[in-house]
Structures are given as structure tokens and as C-alpha cells.
Amino acid sequence: MAGPGGAPPRLALVLAVLAALVAVKYYRDAEVARQQELALKSLGSEGLFLFSSLDTNNDLYLSPEEFKPIAEKLTGVAPISEFEEEETPDPSGETLSIVAKFQPLVMETMTKSKDGFLGISHVALSGLRNWTAPAAPMSVMLARQFKAFLPPKNKLDLGDPWWIIPSELNIFTGYLSNNRFYPPPPKGKEIIIHRLLSMFHPRPFVKTRFAPQGAVACIQAISTFYYTIAFRIHAEFQLNEPPDFPFWFSPGQFTGHIILSKDASHVREFKLFVPNNRSLNVDMEWLYGASESSNMEVDIGYLPQMELESTGPSIPSVIHDENGNVIDSRDPSGEPLQFVFEEITWQQEIPWEEAAQKLEVAMYPFKKVSYLPFTQAFERAKAEKKLVHSILLWGALDDQSC
């Protein structure tokens, strides 16, 4: 049997459904366009741009989750996270000894040095000139405190990055204030990062004023009981105190690795450092007034060495014999007991360069595109029959020193 016009009933039904879907889509598109037009009239182009940056699902409504950045900005109160407080350490857990190595900035690498720092007051640079050694040359920490470096359960693949400290900057927040001297109290996973960086200087800011902000990590190697975690941290220091004006010291990046057990009870190895393979690796900014509108000087320079390294694997702070009795950590001659650690057999691993590149892309998504040295770029362009886009920079685009 045929329907109207001779079409089979099933075909007619399909055509009717398609027509209805097209009509619904047309109505929804028209409604969205109408709502966007109303929003533009109400908010203006800049206001609508701000609204859209928060409206992550583009439904022209802000859910509580989407509104959260505004709430935190206005109230100054952030929600409690699962890692909000530092857990109570186990006094019988293992301890890790870490040493700090530091060579001060080479003043001659600053552009302002070319004219003998003409016009720059000695007071403005006092914090920089006086910083010649680490604040704490050595520190002993509990191995369990490094739990913050462990991967979340959904990030157990090699090279799959996750955020230890996620960025809190967006178009609404803008950048953080320049006119500050003392870091806010660290919380959650910020605590171990803050404590480590405090070995260099007493006023580290684990969240930079400008994006990209935070700390990112990925698994570089996996064994039965251990991970090697590669990490990258963007942080900065405030070198001055009142009555002087703020002086910000922002290394290009802190990077490094940690080898730790999957339950964070043992750390086999830890290293954190500022790369020194480029001619300039630190950005510096200082104010000449006590407000955000005050004049600011900017310069860049070279820092030869800034690193933390464990002296060896973490060791038990309390030692028990086979009967559970506490024994002396030194042998009868007074020498510390020597511990023997099993060799780690890695089942999966990727090169350090690959892990570092994954972290770099997480911080700077534009690095998904290959940036080549000048001569190599022309060879690639010729092979792929493409044009060359050349960029000349004062510093590196892919770290915080630029």
C-alpha cells in the first residue's frame, strides 16, 4: 500500500521525522542567535566575551560550577579540596635528606648593567644583590610528604600529564597583583612545593602572577612498586620586604624528577632544578611605587645554578629488629647503619626528553606545533613545500623568563 503521493508509509515517516529534526534544529539555532543578540545588547561585546569564557558548555547559562571562579574571586574563599590539609606525618616513617645548591644571578647578564644600572636605585636591587646563598642549604623531610607527586588513578599511562597544582587564572581573574610581599599560606599539594622552594628563599610564591601557572607532572617510568615522575613547576620569589617596593624574581621553570614507591612510603631519588642551558633564564620585575599603577622596571638575566637534590634514598627514622624492638641507628663504632636497597627493574619507560616535551605542551599548547632552529626550518619548509614563519624574541617563548 502506498501513502499520499504514492510514497511507501515507512519512507513517508522517515521524511517526516527528518523534516521535524530540521525544523527543531532551525528553531534552536534561531533561538540561540536571538539569545546571543539579547546578551550582546545587555552586556556589550567585552561583557559577552567574559561571559562566554565562563560558559564552558555554551548554553548561555552559568551553572554553579561555571560560576565558581567568580564566587572565589568575590569572596576570596576557595572550596575545600580532597588534599586540603597536610596529613599528620607518621613519626616512624622514612626521612629524605635534600641539599640546595645555588649560584646567584650573574648581574652582568642584565640589560640594565650595560649602562651601569643608570637611574636604578641601589635599594631597588638590594634583595637581588643580597641573595647569594640558599636560605636552607639542607633539609630533612618525610618521604610521605612527597605523596603529592603521585599520579591520580586516571593518569597511569606513560607521558599522560596531570596537574599537581592547577592554574586558577582565566579571563575573569586576569593576573595576580604585583603589589605583594608575602606568599599566601600554601594548602593541599602546594605545601610540599612551597617547603621545597623555601630552601632557596623564604618568600616563594607557588602560583605565579601570570599564566601559565601551576605545576604539571607525568609518569616517565613504571615498575612493580615504583614510579619515576617527571614534573615542571612555574613559581616565583619576592625578594624585597617593606619599606622597599616589590621585586619579583621569576625563573623560566623548575623541572626535575622523583622516583618514589607507589604508596609514597619510600623515595629513591629526587631532583629539582632551573635549566641553565639558555643564555637567559630568569625574568625580573620591580615596582617604583606602592600601587598597581606604579611604574615597573623589567629585565632578564642568567642564573647559573638553582637546584635541590636528595643525598640518597629515604631511610627509616626508627629502626626495629626482628622482634620489633627499637635499635640504635648507629653501629657499635658510632657509624650510621648502611642500608641496602633493591635494584629497580623498569617495565615501561620513556626518555626524559619525551616526558619533558609532554609537560611543555601541557603548559604551552602552542608547542603542539613544531618550532625549529632557523636552518632546520628552511629544510623542513622545502620538503613540505610550506612557507617559513620566523619569530625573533628577547628570551624564550616557552618558559617564564620571557
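**Exercise 1.** Is Lys367 buried or exposed?

*Solution.* The classes are defined first: buried means under 20% relative accessible area, exposed over 50%, and partly exposed in between, with a 1.4 Å probe and protein chains only. Lys367 has a relative accessible area of 15%, so the residue is buried. The next step concerns its partner. Lys367 forms a salt bridge with Glu360, whose closest N and O atoms are 3.8 Å apart; a salt bridge requires a side-chain nitrogen of Lys or Arg within 4 Å of a carboxyl oxygen of Asp or Glu. Glu360 counts as buried because its relative accessibility is 17%.

**Exercise 2.** State the origin of the model and the confidence attached to it.

*Solution.* This is a predicted model, in which local features need pLDDT of at least 70 and side-chain atom pairs count only at pLDDT 80 or more, while totals for chains, interfaces and linings use all residues. Residues are numbered from 1 along each chain as its sequence is written, and side-chain values use heavy atoms, with hydrogens and water left out.

The confidence score, pLDDT, is given by the predictor for each residue from 0 to 100. For the protein the mean pLDDT is 85, and 84% of its residues reach 70 or more. Over residues 80-86, pLDDT stays under 50. Where pLDDT is low, the predicted coordinates should not be read in detail. For residues 80-86 the model has nine contacts beyond four places in sequence, a contact being heavy atoms within 4.5 Å.

**Exercise 3.** Describe the protein as a whole.

*Solution.* The secondary structure comprises six helices and 17 strands; helices (H or I, at least four residues) and strands (E, at least two) are DSSP runs, numbered from the N terminus. Of the 402 residues in the protein, 38% are buried. Among contacts with a separation of 6 or more, 72% are between residues 24 or more positions apart. The accessible area is about 23,200 Å², of which carbon and sulfur atoms supply 58%; such areas come from the Shrake-Rupley method with a 1.4 Å probe, and for residues only the protein chains shown count as cover.

**Exercise 4.** How many salt bridges are there, and which parts of the chain do two of them link?

*Solution.* The count comes to 15 salt bridges.

1. Glu168 and Lys207 form one of them, with their closest N and O atoms 2.7 Å apart. The pair links distant parts of the chain, 39 residues apart: Glu168 is in the loop between strand E3 (162-165) and H4, and Lys207 in the loop between E4 and strand E5 (214-222). Glu168 is partly exposed at 41% relative accessible area, whereas Lys207 is buried at 14%.
2. In another, Arg209 and Glu236 have their closest N and O atoms 3.0 Å apart. Arg209 lies in the loop between E4 and E5 and Glu236 in strand E7 (residues 236-238), so this pair ties together parts 27 residues apart in sequence. Both Arg209 and Glu236 are buried.

A network of salt bridges also links Lys112, Glu297 and Asp299.

**Exercise 5.** Examine the aromatic pairs.

*Solution.* A pair of aromatic rings is described by the distance of the centres and the angle of the planes. Rings of Phe, Tyr and Trp (its six-membered ring) pair if their centres lie within 6.5 Å; planes under 30 degrees apart count as stacked, over 60 as edge-to-face and the rest as tilted. The whole structure holds 17 aromatic pairs.

1. Phe200 and Phe254 are stacked, at 6.4 Å centre to centre and 25 degrees between the planes. Phe200 lies in the loop between helix H4 (190-197) and strand E4 (204-205), and Phe254 in strand E9 (residues 254-261), so the pair ties together parts 54 residues apart in sequence. Phe200 is buried, with a relative accessible area of 0%, and Phe254 is buried, also with 0%.
2. The ring centres of Phe366 and Tyr371 are 5.6 Å apart and the planes stand at 75 degrees, so this pair is edge-to-face. Phe366 is partly exposed at 29%, and Tyr371 is partly exposed at 44%.

Finally, ring pairs link Phe102, Trp131, Phe200, Phe237, Phe249 and Phe254 into a cluster.
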